[in-house]
Every structure is written in structure tokens, then in C-alpha cells.
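Please view the sequence and the structure first.

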Amino acid sequence: MARRALKLASWTSMALAASGFYLYSNKYLDLNDFGAVRVGRAVATTAVISYDYLTSLRSVPYGSEEYLQLRSKVHLRSARRLCELCCANRGTFIKVGQHLGALDYLLPEEYTRTLKVLHSQAPQSSMQEVRQVIREDLGKEIHDLFMSFDDTPLGAASLAQVHKAVLHDGRTVAVKVQHPKVQAQSSKDVLLMEVPQIYWELSTKRVLLMEFVDGGQVNDRDYMERNKIDVNEISRHLGKMYSEMIFVNGFVHCDPHPGNVLVRKCPGTGKAEIVLLDHGLYQVLTEEFRLDYCHLWQSLIWTDMKSVKKYSQRLGAGDLYPLFTCMLTARSWDSVNRGIGQTPVTATEDSEIRNNAANYLPQISHLLNLVPRQMLLIFKTNDLLRGIEAALGTRASASSFLNMSRCCIKALAAHKKKNTHSFFRRTQISFSEAFNLWQINLHELVLRVKGLRLASWVLALLCWLLPAPH
């Protein structure tokens, strides 16, 4: 009896294995379709990385030259493992990798350098898969729709890849094609993902046709220097664009990473232009959240620590409000107390933040569980801006904080005007708004004068130390 059961079990196992192999080889079954497989990979990778850090650095004196060299190697190994995990699991795992790759101001260089590849060179779908998606969604072959279609994608991201093509009427377009099985796999990781249509007649849920725009990534300083684009101007306008989006209009782009933000010289005017890509998902902020967030930034700019605590707690930070404000501003608690608009960030402060980040991981994790989902998207956007500033070398400038303050003043004034019917009160609010904006402009002027004075002092000192040869 036992022998017959064993024999039956053996044949059943063989049949299941053969069926599984057949289905897998014919692409009916993909291991990534199983959430347990994806989670299992993540758990295994995390365990391997943790074990590597624990065992590799345990016997080396902390802070020694040998320790620093060995730590750099462990960082690089761990970053590569993390990148491999993102590529294997795809979907929202790549989005996480893209976000980490943009944290130049926070994570070790080995991580950001390794993960940056995910901004535009994520795993690609084959042309056979691209043709299949287009055929299934549009009911036609590629040659019926396009005069030309580049087989090599311009870039591949977490959920889709983009090909350059030319329509039969001569228009050059960017064709964004969703990776197969993204809908099935991503539903295990996120609740909603939808893509707006650009050309109605040639767009579906998985194929998006849009205007083709050429340019360089917003964190590519070399590209800007080659094309004579002012990095300070780009950094300033980018901060202003996101500040108006969040504080004034009350929505936030849900996938902010450098691969989705391009810069270029406008073909018509020759002026620098920022192009924001991938408008598939936005989060609309609630009125209460938006106003509390405005008040918080106003308090941070003017160093009103009592209000900083009040509005941080209203946004869900609880007793962890000091950590909350440090994460929000990417500044140390000492700088927050002295005034983030008063003191520019220094290399020492950047190093302090980077070195201490790992020590606060449990508190950071707890804080992220406390705050609303809207705040998580705000954190992601702030990380993008601080990472770009670090890559462009504009982190020391206070202009981004001052632009935030201007937008906060306008947003709060607009809200007050909307809720009053008194002409006198509306006039009073307008005068108050104008005065506060004037204060910001004056403060910015003072900072620039100080900067010019410091620069002249440094130049005079250099001339004195290094006199011109006779």
C-alpha cells in the first residue's frame, strides 16, 4: 500500500513538474505572477545583505582605513544585490530602486551609482512582446500604424518602455508600451495605476502615444554644461514648479525620479526648459493636509519652533516631530533650530546626515507608518529635489526654501480670501500677502549680498596670497 502511494505520488509529482515546465516555457506561467515568490526574493536578499554587513565588518576596527575600504566593498555588493532584486521582481520594486538611486544626499555613493541605472535602463520587454501588446490592444500590426518604429527603446522603466516612431502622416511620436503582466503583478504591490490617453485613436490602457520630446535628465550636469544650461536656474525653477504644484494647486506627481524630468533648450526660443514626463498617476491632496503643510513650511522658514511642533503633529508625526522635520528638509535638527533659510547646508552637515541615517532606521520606519499616505508621496518628491540639488551642486543655495515660502504665502492668502465675503478683509489679506512676499524678497537680497561680499573677500585673500608674477 505504501509502495503504491509512493509510486502514485512520484508520478503525480512528475506530471505536475512537467506541466509546470511546459507552461513556464510557453509563457503561460511566470514565477513573478506569484506574490510569494516576489516577497521570498525580497526577504532572501535582505537576509543576505544583513549577513554580509554583520560578518564582513565585525572583526575590523571601526573607523580604520581597512574598515572604510571594506565597508565600501560591502556597500557595492549589497547595492548590486538590491539592483538584481529590483530587476528580477520588476514593477513597483523598480520604482523603489529608482527612488533609492535618487538619494545622493543620503545614501552611500555605491548605492546611488549602482541603482541610477534603473532610472532609464530597467529590464526591457522583447520586440515580440511589444508587437503582441500593440496587436492585442490596437488590433493592428506595427507596420500598419507607423511608417517607422525603432526596435531599440529609448528607455525602459518600471512599468513600461518607450520607443521612437513616425506616424504615416509624418509626426514623430513617443510610443509608451506597458510591459506584459504589469497589471497582474503590480496589483499585488499598489492599489491603482492608470495612464492618461494623448492620441485617443492610438492609445489604450497599455499603449500610450504622446509628443516626442528630446532632452537630458535633470540630474545630468555634464549635459547641461555641454548645452550651456544654467544649473542654478534649473534647480530654482524645478523647486518653484513642484512648490506651486503642491502648495498652490494641491496635487503631487506620484512617480518623481530623474528619468521622468528632462531639461532642454527650447527649439523656438533657445531658453532652458523643464519637461515633466509620465503623468499616469497624481495624488490630490486634501485641503486640510495642504494647508497644514503650508503652515509647517512657513514655520520652518521663519524658525517658529512652537508652530513647527504643532503642524508636524497635525500631519501625523507625533513625538517624532524633530525627526520628521529633518527628513522633510534634509537638514540636521541643529540647522532646523537655527533656521534653514539662514544657514546654507555644508559638506560637514551632509556627511553627518548620511552617517546618522542608518542609526535611525527603526524610528524612520515607525514614523513612515504614522504619517498619512499623502505625506509619503511628499517625502518622495522632496527626496527627488534634494537628490537633484546634490547632483547639480546647488544644495548650498537657499532659493528652493524661499520659493517654497512664496508659494505657501500665496496659497494661504488665497484660502483666506476664498472664505471671506468682506471687501475690507480681502484687501487686508492682499496687503498682508504683498508685505510677506516683500519680506521674502528682501531676505533673499540680503543673502545674495552676503554671498557676493564673501566671494569678494575670498578673491581678495587669494590675490594677497598669490600675487601676480611681475
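## Basis

This is a predicted model, in which local features need pLDDT of at least 70 and side-chain atom pairs count only at pLDDT 80 or more, while totals for chains, interfaces and linings use all residues. Residues are numbered from 1 along each chain as its sequence is written, and side-chain values use heavy atoms, with hydrogens and water left out.

Helices are DSSP runs (H or I, at least four residues), numbered from the N terminus. Axes are lines fitted to C-alpha atoms, for helices over the stretch in contact, and angles run from 0 to 180 degrees between N-to-C directions. Angles under 35 degrees count as roughly parallel, over 145 as roughly antiparallel, 65 to 115 as roughly perpendicular and the rest as oblique. Contact means heavy atoms within 4.5 Å. In the residue classes, Ala, Val, Leu, Ile, Met, Phe, Trp, Tyr, Cys and Pro are nonpolar, Asp, Glu, Lys and Arg are charged, and the others, Gly among them, are polar.

## Helix α11 and its partners

Helix α11 (residues 287–301) packs on helix α12 (residues 305–314) at an angle of about 155°, and the two axes lie 9 Å apart. α11 and α12 are therefore roughly antiparallel. From α11, the residues E288, D292, H295, L296, S299 and L300 meet S307, V308, Y311, S312 and R314 of α12. This contact of α11 with α12 comprises four nonpolar, four polar and three charged residues.

With α10, the axis of α11 crosses at roughly 130° and comes within 9 Å. The pair α10 and α11 is therefore oblique. I246, F247 and V248 of α10 touch R290, Y293, C294 and W297 of α11. By class, the contact of α10 with α11 has six nonpolar residues, no polar ones and one charged.

## Helix α12 on α13

α12 also packs on helix α13 (residues 321–329), at about 90° and with the axes 9 Å apart. α12 and α13 are therefore roughly perpendicular. V308, K309, S312 and Q313 of α12 make the contact with Y321, F324 and T325 of α13. Three of the residues in the contact of α12 with α13 are nonpolar, three are polar and one is charged.

## The second largest cavity

A cavity is a set of points, on a 1 Å grid over the protein atoms alone, where a 1.4 Å probe fits but cannot get out; lining residues have an atom within 4 Å of a point.

G239, Y242, S243, I246, F247, Y293, N382, L385 and M404 line the second largest cavity. α10 gives the most, with five residues. The lining has six nonpolar, three polar and no charged residues.

## Loop residue P108

P108 sits in the loop between α4 (91–101) and α5 (109–115). Beyond its neighbours within four places in sequence, P108 is in contact with H75 and R354. The C-alpha atoms of P108 and S72 are 8.5 Å apart, although the two residues are separated by 36 residues along the chain.

Technical notes. On a 1 Å grid over the protein atoms alone, a cavity is a set of points where a 1.4 Å probe fits but cannot get out, and a pocket is an open set with protein on both sides within 12 Å along at least five of seven lines; lining residues have an atom within 4 Å of a point. Helices (H or I, at least four residues) and strands (E, at least two) are DSSP runs, numbered from the N terminus.
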